Amino acid sequence: MVTLQKLNPLDDSKLEELGFSWHTDSDGSKYVSDELVEISSSEAEAYYTAGNEIYDMYVEAAEYVIENDLFFDLGIPFNLIDIIKKSWENDVHWHIYGRFDLAGGIDGEDIKLIEFNADTPTGLFETALLQWALLKHNNMDEENQFNNVYEAISENFKRLITLFDETSKFDSRYDGWKILFSSIAENDEEEATTRLLQQMATDAGFNTSFEYLENTHFDDNGIFDAHENNYEYWFKLYPWEDIAHDEPELATTLTNIIQNQKAIILNPAYTLLFQSKGMMKILCDLFPDSPYLLKTSYEPLDGIKQVEKAVFGREGANTKIINADGNVAEQTDGPYDNYKKVYQEYVEFPKDVKGNKYQAGVFFAYEACGMSFRKGSEIMDNMSKFVGHVIV
Amino acid sequence: MINNKHISSIASGIGLGSAGVLMMSVLTGCEAPQQEQQNRFLVIEQQTNGKYIVVEEMPTEGPSRAIIREKDANGNTTERFMNETEMKALAEQEYQKVQNGTSETVQDGGGSAGMGLAGTILAVAAGSLLGNMIGNSLMNNKNFAKNSASSNKSAYSRSAASRAKKSSSKKSFFGSSSRTSSSRSYGS
């Protein structure tokens, strides 16, 4: 059973002052819960360990996919295969951050991987800043949280320069290279997430700038803002698979940019391998004894309750829960039906006394670095609520 | 109290870097700790539409000051010097307009073609002229932040000629993107 602590909520005007405008969902309900999930320090440690071990498995699995040319199995668009391989070959294409969605972890339930949001994870502002602010606002000890997210991502930006060396060498090696941050115009949540990442990079010591995606310019020689300033790094909060399908010419240009070593794109193209839910089938093949993995297949599983998902589905769209007898217990529609499907063994999320279900999101930036929860029903969708946590 | 560095580094907001300053100031309702404000030396140029944009910006050890480059009635370029007191007066005057909602610095799309002189000065130097508190609160206004960015063409500036030449082969994308909803989106 999930144990909750009641909170005095931050009012909407305070949230807006903090730069957090997406506090109310489209049905008028509050997106930020006025409760905190209680976890123990050993549960926090277990989430930390799980994040690190699962990431290591993903790295091995990506290597396996590339060596065995399994891109088609993962549903990777053909026009990104080249850039994925190129980004994988050189460590300068450093993965800045991702978020694992996990079931279990509370009350002795095993932690199970639901999926890895490796390319464009949101929930960052909420996890890094907001849940800290909730503790502070309620005069609680803000150290009682698994939450290193801001500092860990800032440090990980430094590794763009120092790679596997100590990040303390950043200052002596950094030579003014600039990072351009981009998100789509008129989406507050994505812009605030992107600007927060920019702030983390600025704190790390980088020269940075922001430009909307629509105003960013590209040619084979590089990536430019609206004033034609050229950047060595470009962070885009925009899914790689959407670039592949909606902007195929850009996919070609970005491949040339990487080939010509004109710019480094973040998160790197290989994070699309991690993002594909097809990877969880590869993980099952490679690590059959891992306690973190749910049985996953490209074909429906025999005789067990399972979840059908699109390999690049988001926010619970195009998801089906199928009972052991083959009947569909629940399903959502959405725009991702054209993608390949995977079938993942069903697992119960931890529940509170009212029957609400909780999914843990563990952020990863070189190591697992913090967490928060989402509260919802059987399928976590974009009406699910943000819930902070406290270590008791 | 959690002692493991990998679990928590956020005591007192230290691990939140520069974001912690804003968080603390909003939560406590107090002014953020004053940072050393960098004064600016600006070159502000009047455009053919009569509006102004910043074409050069340099940090300065001395007081803030600006060169205002304008066209006179005959189309000749004139330059005048503006000291910190004059800049402050214009910024304060524009800030009054922000407070009663009439300033173009907080209008959507106001700065895309430049703004009036007072608006331009406020947009690029509010923090150093009127203090961090006002500067930060203005930058939290999305329109202000956008106008501030678009009225300042100084960063890594290049000549207009090379700009025109270079941009000929460049492309922009995402024009027809459907991902413009204001709802939460990529979390999955």
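Biologist: How many bridges join strand β17 of chain A to strand β18 of chain A?
Modeller: There are 9 bridges between β17 (residues 357–365) and β18 (residues 367–376) of chain A, and the two strands run antiparallel. Strands are DSSP runs of E, at least two residues long, and helices are runs of H or I, at least four, all numbered from the N terminus. Two strands pair if DSSP finds at least two bridges between them.

Biologist: Which residue in β18(A) does A365(A) stand opposite?
Modeller: Opposite A365(A) is E367(A). Before going on: this is a predicted model, where local features need pLDDT of at least 70, side-chain atom pairs count only at pLDDT 80 or more, and totals for chains, interfaces and linings use all residues. Residues are numbered from 1 along each chain as its sequence is written, chains are lettered from A and ligands numbered from 1 in the order written, and side-chain values use heavy atoms, leaving out hydrogens and water.

Biologist: OK. What is the order of the open sheet of 7 strands?
Modeller: In chain A the order is β1-β2-β19-β18-β17-β3-β4, with mixed pairing. At the edges are β1 (4–6) and β4 of chain A, each pairing on one side only. From one strand to the next, the twist averages 35°. Angles run from 0 to 180 degrees between N-to-C directions, with axes fitted as lines to C-alpha atoms, for helices over the stretch in contact.

Biologist: Which strands does helix α2 of chain A touch when it packs on the sheet?
Modeller: Helix α2 (residues 41–67) of chain A touches β2 (32–39), β3 (98–103), β4, β17, β18 and β19 (385–391) of chain A, and its direction makes about 110° with that of β18(A). Contact here means heavy atoms within 4.5 Å. Helix α5 (residues 149–162) of chain A packs on the sheet too, touching β17 and β18 of chain A, at about 35° to β17(A).

Biologist: Back to α2(A). At what angle do α2(A) and α11(A) pack?
Modeller: The angle between α2(A) and α11 (residues 279–286) of chain A is about 100°, and their axes are 10 Å apart. The two helices are therefore roughly perpendicular (65 to 115 degrees).

Biologist: Which residues in α2(A) meet α11(A)?
Modeller: From α2(A) come M57(A), Y58(A), E60(A), A61(A), A62(A), Y64(A) and V65(A); they meet M279(A), M280(A), I282(A), L283(A) and L286(A) in α11(A). By class, that contact has 11 nonpolar, no polar and 1 charged residues. Ala, Val, Leu, Ile, Met, Phe, Trp, Tyr, Cys and Pro count as nonpolar, Asp, Glu, Lys and Arg as charged, and the others, Gly among them, as polar.

Biologist: New topic. What is the order of the open sheet of 4 strands?
Modeller: That one is β6-β5-β10-β11 in chain A, and the pairing is parallel. Since β6 (207–210) and β11 (264–266) of chain A stand at the edges with a single partner strand each, one side of each has no neighbour in the sheet. The twist averages 20° from one strand to the next.

Biologist: How many bridges pair β5 of chain A and β6(A)?
Modeller: Strand β5 (residues 178–182) of chain A pairs with β6(A) over 4 bridges, in the parallel sense. One bridge partner of L180(A), in β6(A), is S209(A).

Biologist: Which strands does helix α7 of chain A lie across?
Modeller: Helix α7 (residues 188–204) lies across β5, β6 and β10 (233–236) of chain A, at about 165° to β6(A).

Biologist: Now the backbone. Which peptide bond is cis?
Modeller: The bond from L266(A) to N267(A) is cis, with omega near -20°. N267(A) is in the loop between β11 and α10 (271–275) of chain A.

Biologist: What is the phi of E315(A)?
Modeller: E315(A) has a positive phi of about 55°, although it is not a glycine. E315(A) lies in the loop between β13 and β14 (320–322) of chain A. Most residues other than glycine have a negative phi, and most peptide bonds are trans.

Key: Angles under 35 degrees count as roughly parallel, over 145 as roughly antiparallel, 65 to 115 as roughly perpendicular and the rest as oblique.
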